[in-house]
Amino acid sequence: MQNQVNPKYEIALSIGLIVFSIIVYYFSLDLPEPEYEPLGSAALPQGLAVIMSLLSFVIIYKAIPRLKTYEAVVDPNPEVMPRPMLSIVIFILTLIFIGVLDFGILSFMPAGILYLSVIGYLMTNRDLKKLPYVIGFSVILTVTSFYIFTKLFYIDLP
């Protein structure tokens, strides 16, 4: 399948990601030196910033030759239906999730499971048949994330 994305958009997004990576890398230089772990808390954001920049350069490298040959194709029957209200609802739910954690209403595990379950339910077009799978995925992802952050990275979660 041929790439249908406008290469100008790919290049613009990649440049934006490179700028964001530079900002993340710059501010991660202020993180304290490690005391007990070998890598320290700056290793993860710095590593991700470098990887994101490298992948952005790959996208730019692949998009430049397509600048001259790209022709916009209008699909009268798109497979993906735009749902702007869903994105607004998910943004509001994300703000609520952050508020719940910040004010200590719930701890990370129940709040994360509830948040991911509601988001998954909404993104599956409110199909009750898929709800058990969504809840199972939410539980696995939240519990795994909790243990990775608390036991591996030694980051306290609310």
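## How α1 and α2 sit together

Helices α1 and α2 are roughly antiparallel to each other, because their packing angle of about 160 degrees falls in the class over 145. The axes of α1 and α2 lie 8 Å apart. Here axes are lines fitted to C-alpha atoms, for helices over the stretch in contact, and angles run from 0 to 180 degrees between N-to-C directions. Helices themselves are DSSP runs (H or I, at least four residues), numbered from the N terminus.

Which way does α1 cross α2? The crossing of α1 past α2 is left-handed, a label used if the near helix is turned anticlockwise from the far one by less than a right angle.

## About the model

This is a predicted model, in which local features need pLDDT of at least 70 and side-chain atom pairs count only at pLDDT 80 or more, while totals for chains, interfaces and linings use all residues. Residues are numbered from 1 along each chain as its sequence is written, and side-chain values use heavy atoms, with hydrogens and water left out.

## The two sides of α2

Helix α2 takes in residues 43-63, 21 residues in total, and reaches 30 Å from its first C-alpha to its last. That is close to the 30 Å expected at 1.5 Å a residue, where the expected span is 1.5 Å times one less than the number of residues.

Which residues of α2 are buried? They are Q46, A49, S53, S56, I60 and A63, buried meaning under 20% relative accessible area, exposed over 50% and partly exposed in between (1.4 Å probe, protein chains only). As background, an α-helix has 3.6 residues a turn, so residues three or four places apart point the same way. On the face of α2 turned away from the buried side you will find the exposed residues L54, L55, Y61 and K62.

## The contact surface

The buried residues of α2 pack against α1, residues 7-28. Contact here means heavy atoms within 4.5 Å. On the α1 side, the residues that meet α2 include I11, I15, I18, F20 and V24. Their partners in α2 include A49, V50, M52, F57 and I60.

S28 belongs to helix α1 and counts as buried, at 4% relative accessibility. Leaving aside neighbours within four places in sequence, S28 is in contact with A42, P45 and Q46. S41 sits in the loop between α1 and α2 and is partly exposed, with a relative accessible area of 39%. With the neighbours within four places set aside again, S41 is in contact with L31 and P32.

## Further along the chain

V100 is found in helix α3, residues 84-102, and is buried at a relative accessible area of 16%. Not counting residues up to four places away in sequence, V100 touches I105, L106 and A111. V100 and S138 are 38 residues apart in sequence and 17 Å apart in space, C-alpha to C-alpha.

The loop between α4 (108-123) and α5 (131-152) holds N125, and R126 lies in that loop between α4 and α5 too. Most residues other than glycine have a negative phi. N125, however, has a positive phi near 60 degrees, and the phi of R126 is also positive, near 55 degrees. N125 counts as exposed at 54% relative accessibility, as does R126 at 52%.

Methods: Angles under 35 degrees count as roughly parallel, over 145 as roughly antiparallel, 65 to 115 as roughly perpendicular and the rest as oblique.
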